[in-house]
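The sequence and structure come first.

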Amino acid sequence: MTKAHNVLRGTYQNILAEYDGADRRAMSRGWTWYNDMLRWCEGTAMKYGVAPHRVVAAFAALSPMITVDQNKRALVEVLETGTTDLNFPANVEKAIAIIDHGIFEALRGEKVEAFAEAILEPFGDGVPVVDRHAVSVYMGKPINDQQRKGLQRKPVRKRIENAYRKAATARKVPVHVMQAVVWESYRERDVGLV
């Protein structure tokens, strides 16, 4: 059995290599991704008469296991009808609790909390969003579902977060920008998503 400290070993140099190899489109999208998402959430909040920070938190709560476009549709469905079939019922309940009652404690999970923070502070140096793409970049290769379970170990997650911080410091860019640029670059190159 693999020891906890040996799970998901990678390096910040893999992150730098992805960042340095990002094409113009990935670089541009990475620099604007979270800011664009904040503007979308603010526009949606205004349209439905909900506080913007509640929309951001609900958007983050609905984000696991779906694409960004599905996430947007799911949030609009929740705002218009009070439900959606695009995500797990537990995540829908969290989004509703946040939107209707401001129960931000419903937003649990390091990835979704970091995601909400990154949207609210697009050019910030908060906690990087560590999803399967971010881990694959850190590792320098795609990871499988079994390996992803290693993210449940706090020391492993912190090591990956610190690698993103170190890479951001090395290139003198905000942490959220570093994470978004490499996410865009990785998706474009290895996953073929644009």
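What covers the buried residues of helix 5? The cover includes helix 3 (52-61) and helix 4 (68-81).

## Basis

This is a predicted model, in which local features need pLDDT of at least 70 and side-chain atom pairs count only at pLDDT 80 or more, while totals for chains, interfaces and linings use all residues. Residues are numbered from 1 along each chain as its sequence is written, and side-chain values use heavy atoms, with hydrogens and water left out.

## Overall fold

The protein chain has 10 helices and zero strands; helices (H or I, at least four residues) and strands (E, at least two) are DSSP runs numbered from the N terminus. The C-alpha atoms fill a box of roughly 45 × 40 × 30 Å along the principal axes.

Of the 194 residues, 46% count as buried (under 20% relative accessible area, with a 1.4 Å probe and protein chains only). Among contacts (heavy atoms within 4.5 Å) between residues at least 6 apart in sequence, 69% join residues at least 24 apart.

## Helix 5

Helix 5 spans residues 89-101 and reaches 18 Å from its first C-alpha to its last, close to the 18 Å expected (1.5 Å times one less than its number of residues). Its buried residues are Asn91, Val92, Ala95, Ala97, Ile98 and Ile99. Gly102 follows helix 5 and has a positive phi, near 65°.

## Largest pocket

The largest pocket is lined by 45 residues, of which Ser63, Ile66, Lys111, Asp131 and Arg132 lie nearest its centre. Helix 2 supplies the largest share of this lining, seven residues. Other helices that each supply at least two residues include helix 5, helix 6 (110-120) and helix 10 (175-191).

## Glu161

Glu161 is found in helix 9 (residues 154-171). Glu161 is buried, with a relative accessible area of 1%. Leaving aside neighbours within four places in sequence, Glu161 is in contact with Glu110, Val127, Pro128 and Val130. Gln147 is 14 residues from Glu161 in sequence and 16 Å away in space, C-alpha to C-alpha.

Key:
Buried < 20%, exposed > 50% of the residue type's maximum accessible area, 1.4 Å probe, protein only. 1 Å grid on protein atoms, 1.4 Å probe; cavity = no way out; pocket = protein on both sides within 12 Å on 5 of 7 lines; lining within 4 Å.
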